[in-house]
Amino acid sequence: MTWQDLNLFQYQQLVNALKVEDEIDKTVKLVSIITGKTENEVLSLSIADFNKEQAKLNFLAEEIEGKPVKFINVNGKRYKCIYDVRNIPAARYVESKVYGADLVTNIHKLAATMVIPMKKTLFGWKLDKYDASKHEEYSQDMLEARFVDVYHSTIFFLSVFLNLIKCSEDFLIQSLKQTKIPSDQIEAVQDFLKYMDGTIPYMKLPNSIILQLKLHGK
């Protein structure tokens, strides 16, 4: 088992499982998430089989290797990642304020704001129109996409985004006013600029937790 084998939803579940205080419950939940077994099925395993399944957790102590991708493929669909934030409609900046408050929980929603859906034609994949009313659908696709692709692409997007707005706050606000966005949404963006200081939390599972699991399994 490696980071490459996870989808984004599994990653979110792993992060939540690590918050469980009881070490046995925590281990059972982690094994359940990565194997697809129910918690009852995990508890029903023999000691030998349980140890084999627990060994699959070792990859959690490794760095999350990968890089931003041009396209995210999931369930027969394809999305193009847009890293040039100047090409993203101003109204979608507002969404980032909400989603950026809890990156792990909302990373699929944030990812859905930085992609453009594509459609398959006789001449290959072509860009489709971004439909804001389908944001939930796009978000669901991101949950089912390969974790490392969404993770590294979103982190890179946020880095570009925050660096840009840090250097061009006045220009951004002026651009929003010219698009006739309601004043309360513009104020939300101004709050967002103050809230985000240009740093990106590194969403890595803590190695200390994995070491505890190893010691517990001996």
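The model is predicted, so local features are reported at pLDDT of at least 70 and side-chain atom pairs at pLDDT 80 or more, while totals for chains, interfaces and linings use all residues. Residues are numbered from 1 along each chain as its sequence is written, and side-chain values use heavy atoms, with hydrogens and water left out. The protein chain has 11 helices and four strands, where helices (H or I, at least four residues) and strands (E, at least two) are DSSP runs numbered from the N terminus.

**Overall composition**

- Of the 218 residues in the protein chain, 43% are buried, where buried means under 20% relative accessible area, exposed means over 50%, and partly exposed lies in between (1.4 Å probe, protein chains only).
- The protein chain exposes about 12200 Å², of which carbon and sulfur atoms supply 52%; accessible areas come from the Shrake-Rupley method with a 1.4 Å probe, and for residues only the protein chains shown count as cover.
- Among contacts between residues at least 6 apart in sequence, 68% join residues at least 24 apart, a contact being heavy atoms within 4.5 Å.

**Helix H1 and its two partners**

- The axes of helix H1 (residues 8-17) and helix H6 (residues 103-113) come within 9 Å and cross at roughly 165°; axes are lines fitted to C-alpha atoms, for helices over the stretch in contact, and angles run from 0 to 180 degrees between N-to-C directions.
- H1 and H6 are therefore roughly antiparallel to each other, given that angles under 35 degrees count as roughly parallel, over 145 as roughly antiparallel, 65 to 115 as roughly perpendicular and the rest as oblique.
- The crossing of H1 and H6 is left-handed, a term that applies if the near helix is turned anticlockwise from the far one by less than a right angle, with right-handed used if clockwise.
- On the H1 side of this contact are Leu8, Tyr11, Gln12 and Val15, which meet Val104, Thr105, Asn106, Ile107 and His108 in H6.
- The residues of the contact of H1 with H6 comprise five nonpolar, four polar and no charged, where Ala, Val, Leu, Ile, Met, Phe, Trp, Tyr, Cys and Pro count as nonpolar, Asp, Glu, Lys and Arg as charged, and the others, Gly among them, as polar.
- The axes of H1 and H2 also come within 9 Å, crossing at roughly 175°, and these two helices are therefore roughly antiparallel.
- Gln10, Gln13, Leu14 and Ala17 in H1 meet Lys26, Lys29, Leu30, Ile33 and Ile34 in H2, a contact with five nonpolar, two polar and two charged residues.

**Helix H2 against helix H4**

- Helix H2 (residues 23-35) packs on helix H4 (residues 47-55) at an angle of about 70°, with the axes 9 Å apart, which makes H2 roughly perpendicular to H4.
- Thr27, Val31, Ile34 and Thr35 in H2 meet Phe50, Glu53 and Gln54 in H4, and by class this contact has three nonpolar, three polar and one charged residues.

**Individual residues**

- Phenylalanine 156 lies in helix H8 (residues 147-167) and is partly exposed, with a relative accessible area of 37%.
- Asparagine 75 is found in the loop between strand E1 (71-74) and strand E2 (77-81), and is exposed, with a relative accessible area of 53%.
- Phi of asparagine 75 is near 50°, a positive value in a residue other than glycine.
- Most residues other than glycine have a negative phi.
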